[in-house]
Amino acid sequence: MKTIYNLVKKDYILIKKSLLIMLLFVTFAPIFISMRAPEFQNNGTLLYGMLALMITFMTYHMISMEEMKQKGFVYLQITPMSNKKIAISKYIVVTLAYLATTIIYCILALLPFTKVGGVGIKGIMLSFAIIELFFGIYIPLTFKLGYVKLQMVSSGIIFLSPFIISLISKYFASVINITSSIQSLSDLTIIVGIVVLTMIVISIGSKASSNILKKQEY
Amino acid sequence: MNTVLDIRNVSKHFSDFTLANISLELKENCITGFLGKNGAGKTTLIKIILGLLHKDSGEIIFFSNRYKNIETIKNKIGVVLDDGYFYDNLNLKQMKNIIASTYKEWDETTYKNYLKKFRLNESQLISSLSKGMKMKYALALALSHGADLLIMDEPTSGLDPEIRKELIDILSEYVQEEGKSVFFSTHITSDLERCADEIVIINNGKIIEQSNKDDMIESYRMVKGTLDDLERISSKSIKILDQTKYGFTGITSDYEEIKQCIPKIILEKASLEDIFLAKTGEIENEDYI
Amino acid sequence: MGRLNIVISNTSEKPLYEQIKEQIKSAILKGELKNGELLPSIRNFSTDLKVSILTIRRVYDELEEEGFVSSQAGKGTFVLAGNKDLIEDTKRMLIEEKMIEMVTLSKTMGVKIQNLHEMLDIIYEEV
């Protein structure tokens, strides 16, 4: 546990300089966007979802870039530290970034003068599921490809993002439809379901990462 | 003497370099110097030993197979790498915390004592450390978790003589304790001359010699003589280090025959550096030496 | 521990292990190292003398083979000076070696045994 705590702490120290800017961005972007685009004022789910995905993605990317520039990772490989712990720490880092974004967004939504649209527990859980699913694949991929090649992949993702976002919004809409149609499902069921799903994704992702790291050369 | 590390026929191919059939044995309580020029394959072999690179073939046995899994083995090995391989944005304490939490037998008191001895400040950023300080920090980390084998890649390169002497004193002290051994690579022979028990020479990805340092030095002589002398003994194994119109200097292991051939020839004790140069220098007469 | 002086010469043609071995042996023969005395540990001795631990190991191994020391696992290496016969034999052997040289030289130069005796008497007094 202590190792994972130290690894997570290390990741955030690596991007210490950018943290304040990100914090300001998370705080003011929703307010600004909501003022400019009133359609988000009633329902903030999409805005929140995109913000959460963007922030976790940026955080993870900045950390990966520092990991590449500073070679501390190699030292970790000569210690008895298990690769699984390294992978799990990355999932925790991402989850923490997600949690921080969520908390800030929810506070903003609660404050009336911000005009930021609210987001329900289902919306929050859904974004969580999407983010964890995304990183479930993306983290092992980082270990496999390394930062430089990953950058190509992610620029591809950014290039495709307009299409993906339209897909996601469609998906969101349909999911919202589904959720409204299955109102009988309680929030608790959804939370438990998604938490279990994420646990599975994380454990598969860290196992895969660990296997990939075992084969890497430095 | 127990064997702490037994490397058998290890090979590794790269597109531009091959480590071929490396076999060597590290004996307990010995300081083994791993001597080779830059690019000879020292770092590659050390990375293979540490699992940072994967060997194509061969076998590596740690501590005579005393420990079952790789994790226990890693707990018993301390490492100092040339590049340091630390997170530069962290301070010494933060980096140490990560590393300390991974070792079963981390000894904070020992670590603190080394920091004090090396005059290192824990709150300093790693990026602000000089090369020498980085090496000392790495050494403090490597010696604070009860390691039985210390593996170091070029720990002395780029350091001033005073720090090198300090390092060598620490290594000599470290091996005094039963069961502690050191393996360190260098291209600076004087470091080894002072402290090594055993010398391994690598050149172009091949081990060309492994022996007791004293035996190695004693099996060669420096020969000096005139060019006429050189002509008379040219059939003997001799590696020329220097030749002018006034005379020559060379290294030989055939000094007894040469002495018989020319009794007045000058034979002097060779230094490790001379021998190293002779063994790894540009090859003029490959059959010789 | 008795006094043990080891002086290593870099100009000597003799290998290091032989130089060290002879000096320990001579300390035993002269009685400077007493029976049962513990010799320095191999590691410590080699670090102090700045020679390889393998060289000292060889010295101790050979001294043990010749019966001058005895090593006990985990305890160290002890001087065996109790064996009077061995000590006397060794002393005689060392002197005989030199005498053979001396006599051979004398014979080649035609020096008579009586002259040799006289020379020996004088030198013994003087040295």
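Here is a short walk through how two chains meet and how one of them is divided up. Keep in mind as you look that this is a predicted model.

Let's start where the chains touch. Chain A brings 20 residues into contact with 22 residues of chain B. If you want to find this spot on chain A, look for two helices: α1 (2-14) and α5 (72-78) of chain A are the elements that give two or more residues to the side touching chain B. Of everything on that side, α1(A) gives the most, with seven residues. And what sort of residues are they? The side of chain A that touches chain B has nine nonpolar residues, along with six polar and five charged ones.

Now move over to chain B. The domains do touch each other: domain 1 of chain B puts 10 residues into the contact, and domain 2 of chain B puts in seven.

Three elements of chain B, namely α7 (189-195), β8 (198-203) and β9 (206-212), each supply at least two residues to the side that touches domain 2.

Terms used: Residues are numbered from 1 along each chain as its sequence is written. Chains are lettered from A and ligands numbered from 1 in the order in which they are written. This is a predicted model: local features need pLDDT of at least 70, side-chain atom pairs count only at pLDDT 80 or more; totals for chains, interfaces and linings use all residues. Two residues are in contact if their C-beta atoms, placed from the backbone, lie within 7 Å. Helices (H or I, at least four residues) and strands (E, at least two) are DSSP runs, numbered from the N terminus. Ala, Val, Leu, Ile, Met, Phe, Trp, Tyr, Cys and Pro count as nonpolar, Asp, Glu, Lys and Arg as charged, and the others, Gly among them, as polar.
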